[in-house]
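Please look at the two chains shown here and consider how they meet. The report that follows describes the interface between them.

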Amino acid sequence: MSGNTLKMLSEYLDTSVLVKLKGGRSLKGTLKSYDQHLNLILKDAEELDSEGNSRPVGTVLIRGDNVVMMSPAK
Amino acid sequence: MSGNTLKMLSEYLDTSVLVKLKGGRSLKGTLKSYDQHLNLILKDAEELDSEGNSRPVGTVLIRGDNVVMMSPAK
Amino acid sequence: MSGNTLKMLSEYLDTSVLVKLKGGRSLKGTLKSYDQHLNLILKDAEELDSEGNSRPVGTVLIRGDNVVMMSPAK
Amino acid sequence: MSGNTLKMLSEYLDTSVLVKLKGGRSLKGTLKSYDQHLNLILKDAEELDSEGNSRPVGTVLIRGDNVVMMSPAK
Amino acid sequence: MSGNTLKMLSEYLDTSVLVKLKGGRSLKGTLKSYDQHLNLILKDAEELDSEGNSRPVGTVLIRGDNVVMMSPAK
Amino acid sequence: MSGNTLKMLSEYLDTSVLVKLKGGRSLKGTLKSYDQHLNLILKDAEELDSEGNSRPVGTVLIRGDNVVMMSPAK
Amino acid sequence: MSGNTLKMLSEYLDTSVLVKLKGGRSLKGTLKSYDQHLNLILKDAEELDSEGNSRPVGTVLIRGDNVVMMSPAK
């Protein structure tokens, strides 16, 4: 991440995001922290498997190399 | 990315692009930001699965290492 | 890991954490050490396979590139 | 890429090349740009799947880590 | 590996360890050497496949990127 | 590649080599160029699939991270 | 590879070693060269597939990232 991309990423802070991981898992939660590798910390997160089932996981740290993409949660 | 490649990439800014990801997923949207790792931000994006089904995802950040290729959306 | 992310990570020290690894394995134990690659040392750890079976492994060092995510153990 | 390899690569510029990607996909087009990571831009490109079916994709940017090999198109 | 993690790792030297590798293989032996990439040398090692069968391999050098985790052998 | 390894590699220049790639493909041709990442250029190359079928590909550039091993062609 | 590990590795030079590769292939031969990435050159090598079949390959250069482990050949 650099320049414009990091700036746009900062607008996601403290908002609810949906993070898709390699292998089909997704996480939904409030973005509390990120860095240039896209290591993320989500608060009040819930894990969604590929069948759509949800499970609360609390505060979770995600290693950036597992992330496919991140978008606002609706 | 470097030199000529980054320059040609800049011509895609604010145009509609099709991004193919590893694993068969594609995303279509307006390119708002990129960096040298090919981390991308697409606006008004929609996700296309390998069967061609479309789903709106809004503004989405894609981690560059998932990208296979990017071309103008037709 | 950098800045804010490392700071929040330090709050997990000496608490019980759940670490999910690539390939479906999980480990639960007390976080004793970490570094910026997310190499971890867990004490009194137990390994959980994808079917939920548990097996004690004592003190275990995990190579960071296997980590998907880490959250507080409940 | 370095030294001799980059020099020989420059001879492919503005000629028609065949690029094989990891996972069985190939692309054929005119090489317009490359860098030391083998990030490529092809013009008037067409995508060939593993069954040999062709589909035009226009100007396409390929992320270098997906490339297996590149040769002159016949 | 860095700081605290390397220090705790040094306590494993000359003790019997169990090393789990990507792909289901494990090795058990006396840890004689390690470095910051977790490249390891085990002495009097035996290889254990995923079915639990054991086979002596003598002194073995393991490339660090294959390591999932390491714990004391019991 | 470094030191002795690069020196031994230089002895393969302008000789016929067999290159095995990840995923079961092999290439046979005259080694015209290499660098420290094992990016290779082969001339008068032919591609061999895992069933042993051969297909001429002319001059081919191979991205080094796909290479498993290289030996003299017999 | 660094320090002690490289030193122990040097003791394998000009001896017969068994190298296990990712994907189940093994090579047996006399170690003639290595570097810090574990790029290896074996002389009078033979390739062993996962069924135990052997095939002579002469002098072979192995790209280090394919290596799982190396031990003395018995």
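## Where chain B meets chain A

In this predicted model, nine residue pairs, both members at pLDDT 80 or more, are in polar contact between chain B and chain A. On the side of chain B that touches chain A, the elements that give two or more residues are β2 (26-34), β3 (40-48) and β4 (54-62) of chain B, and β4(B) supplies the largest share, which is seven residues. Sorted by class, that side of chain B holds nine nonpolar, six polar and seven charged residues.

The extent of the interface can be given as residues and as area, as the table sets out.

| Quantity | Value |
|---|---|
| Residues from chain B in the contact | 22 residues |
| Residues from chain A in the contact | 20 residues |
| Area buried between chain B and chain A | about 1700 Å² |

Of this buried area, 53% lies on carbon and sulfur atoms. In chain B, the residues that lose the most area to chain A are B:R25, B:L61 and B:R63, which together account for 35% of what that side buries.

Charged side chains also meet across the interface, where two salt bridges are found between chain B and chain A. One of them links B:E47 with A:K20, and the closest N and O atoms of this pair are 2.9 Å apart.

Which strand of chain A is joined to β4(B)? Strand β5 (residues 67-72) of chain A is joined to β4(B) by two bridges, and the two strands run antiparallel. Within this pairing, A:M69 has B:I62 of β4(B) as its bridge partner.

Methods. Residues numbered from 1 in each chain as written. Chains lettered and ligands numbered in written order. Predicted model: local features only at pLDDT ≥ 70, side-chain atom pairs only at ≥ 80, totals over all residues. Heavy atoms only, no water. Contact = heavy atoms within 4.5 Å. Buried area = accessible area lost by both parts, 1.4 Å probe. Salt bridge = Lys/Arg side-chain N within 4 Å of Asp/Glu carboxyl O. Polar contact = N/O pair within 3.5 Å; in protein donor to acceptor, adjacent residues only side chain to side chain. Helix = DSSP H or I, 4+ residues; strand = E, 2+ residues; numbered from the N terminus. Nonpolar A, V, L, I, M, F, W, Y, C, P; charged D, E, K, R; others polar. Pairing = 2+ DSSP bridges.
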